[in-house]
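Please keep the sequence and the structure in view while reading.

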Amino acid sequence: MAQMISVEEARDLILANVQRLGDEVVDVVDAAGRVAAQDLASDIDVSPFAHSAMDGFALRASQIAGAAVESPVVLRVIAEEAAGEVFEGPIADDECVRIMTGAPLPDAADSVVKYEIVGVVEGDGKPGSLVSFAEPTKLGSNVRAAGEEARAGEVIVRDGEVVNAAGVGFLAGCGITELPVYRRPRIAVISIGSELVPPTQVPTPGKIRNSNSYALAAAARQAGAVPTILPIVADSQEALAEEILLAVHDYDFVLTSGGASNGDFDFIKPVVEQLGELLMTTVNMRPGKAQTFGLVKGVPVFGLPGNPAAAYVGFQMLVRPALRKMQGYSRFEHPTVRARLMKGTKKNDPRRIFMRGMLQKGADGTYEATPAGNQSSGLFGPIQRSNCMIVLPEGTEGRSEGSMVDCLLLDVSEEVVL
C-alpha cells in the first residue's frame, strides 16, 4: 500500500471496493432523483390515439389547399369535440369540427388549424357557424400522432437511468405507479474524540461541540444516503473497535471523523487494520491528507480527519462518489468550470489544494472565483459562505490575480454537463 496516493487513485480505489446495493420498490413519485433498477416498459401506446395539439378546427388539409386571403375557403362547423370526447361521424368537403386541445383527431380528419387564424363568417365559431380559412395548412399540422412518445412494450426508462420529475410523469403516463430503484445506503456517522460533547451541551474548558457528525450526516443525506449519527467515541482503540464492529453489522457504510492521523490517540487506522483490510491512509490533497479507507467484514469504513474543512473536502472528493455508486449512479465528479482568480495566492505546499471560495459571473460573462478569506481547515463558516472549491494543482507554483483556475461546483449534481 502506497504511503500517499493521488485524489484520482484514491477515488478509483474506493469505487473498486464498494458495490451497488440491491433494489427496493418505491412509489413513482418517490422515484424522482433515484436510479431505476431495471428496464421499464410502457403498457400502452403513448398517446394511445392521435389528438389535437391545440384548440382549433379539425379537417382534411386537402379541403383548404386552395385557400388564400383573396379567396378564403368557408366551412360549416358541424360539431364540437372536447378532450375526453370522440367524434365518429363523417366530415364533408364543406365541413369541419371544432376541436379542443387533447381531443382525439376524428377519423375523417388529418389536420388541425389553430383557432386564432380562423375567421368567423357567421355565428360564434361553434356548431352551426361558418368559418373561413385564408391559407392552406400542412398535412398533419397541430396533430400529435398515436404512439409519438412510446409504443406498447417499448422500454422507456433503462436500468441505471436517473429518474427526474418529468420522468415521473412519463412513467405514470405509461402505467407505472411503482418501480424498483437501487437502495439508498444506510450510513453510520461517528465522531471520535474525548474532547467532544453534544451540541446540546455547553462545552467546559478543554471540550468542544461535535459539529462534524452533523455536517457529514447532512452531506450524506444530500448525496442520497440515509445517515444515522451514532454516539461520540472517546479516544480509545478498544472503544472504537467495539463501535466499528457494531456499526458494520447494521449499516452499509461506516464514516468516522477524527483520529485519522498518526498521533498517540489516533486509532482509526489500527482499528481498521485489526478488524479487516486497510486499503488507504493518505491522499495527496489539502486540506485532508489523512484519509483512511478499508473494509471490515466486507463493509466500507472511511476515516476522515477531525478538522471540519478537511473532513468536508474529503467527503466531497472521496466519500460522496462511493455513496453515489452504491445507489446506482454512474457519474462521480463534481461539475467543473474555468474561472478568473480574483485574488492571487501563494502555494508552499506541493499537494493539490482545494480552496473554499465564491464563484460568480463578471460583467463580461466570465466566471470569477474569489477565495474565502480564511482557509483554515478547522472552520465550517467559510464553507457555508462558499459555493465552489478552487483547485490549485500539485506543485508549489502559486497563482496570480487574473489567472484561470478550475472550480468544482459544490451545489450542482454530477449529472449536470457544463
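## Basis

The model is predicted.

## The sheet from β16 to β18

Six strands make up an open sheet with mixed pairing, in the order β16-β13-β17-β21-β20-β18. Its edge strands are β16 (226-229) and β18 (277-282), each of which pairs on one side only. On average, neighbouring strands of this sheet are turned by 20° against each other, direction ignored.

Strand β13 (residues 186-191) runs parallel to β16, and four bridges join the two. Within this pairing, I187 has P227 of β16 as its bridge partner.

Two helices pack on this sheet. Helix α1 touches β18, β20 (290-296) and β21 (299-304), and its direction makes about 160° with that of β18. Helix α3 (residues 212-222) touches β13, β16, β17 (253-257) and β21, and its direction makes about 160° with that of β13.

## Helix α6 with α1

Helix α1 (residues 7-16) also meets helix α6 (residues 308-326): their axes come within 9 Å and cross at roughly 30°. Angles under 35 degrees count as roughly parallel, and α1 and α6 are therefore roughly parallel to each other. Their crossing is right-handed.

On the α1 side the contact is made by V7, A10, R11, I14, L15 and A16, and on the α6 side by M317, L318, P321, A322 and K325. Sorted by class, the contact of α1 with α6 has nine nonpolar residues, two charged residues and no polar ones.

## Helix α6 with α3

Helix α3 packs against α6 as well, at an angle of about 30° and with the axes 10 Å apart. The two helices, α3 and α6, are therefore roughly parallel to each other. The crossing of α3 and α6 is right-handed.

From α3, the residues in contact are N212, L216, A219, A220 and Q222; from α6, they are P308, A311, F315, Q316, R320 and L323. By class, the contact of α3 with α6 has seven nonpolar, three polar and one charged residues.

## The sheet from β7 to β8

Another open sheet of six strands has the order β7-β4-β6-β5-β9-β8, and its pairing is mixed. Strands β7 and β8 stand at the edges with a single partner strand each, so one side of each is left without a neighbour in the sheet. Neighbouring strands here are turned by 40° against each other on average, direction ignored.

Inside this sheet, strand β5 (residues 73-81) and strand β6 (residues 95-99) pair in the parallel sense over five bridges.

## An aromatic pair

The structure holds three aromatic pairs. In one of them, the rings of F57 and Y115 have their centres 6.0 Å apart and their planes at 20°, so the pair is stacked; planes under 30 degrees apart count as stacked.

The pair links distant parts of the chain, with F57 and Y115 standing 58 residues apart. F57 lies in strand β4 (residues 56-59), whereas Y115 lies in the loop between β7 (111-114) and β8 (119-122).

How values were computed. Residues are numbered from 1 along each chain as its sequence is written. This is a predicted model: local features need pLDDT of at least 70, side-chain atom pairs count only at pLDDT 80 or more; totals for chains, interfaces and linings use all residues. Side-chain values use heavy atoms; hydrogens and water are left out. Axes are lines fitted to C-alpha atoms, for helices over the stretch in contact, and angles run from 0 to 180 degrees between N-to-C directions. Angles under 35 degrees count as roughly parallel, over 145 as roughly antiparallel, 65 to 115 as roughly perpendicular and the rest as oblique. A crossing is left-handed if the near helix is turned anticlockwise from the far one by less than a right angle, and right-handed if clockwise. Contact means heavy atoms within 4.5 Å. Ala, Val, Leu, Ile, Met, Phe, Trp, Tyr, Cys and Pro count as nonpolar, Asp, Glu, Lys and Arg as charged, and the others, Gly among them, as polar. Two strands pair if DSSP finds at least two bridges between them. Rings of Phe, Tyr and Trp (its six-membered ring) pair if their centres lie within 6.5 Å; planes under 30 degrees apart count as stacked, over 60 as edge-to-face and the rest as tilted.
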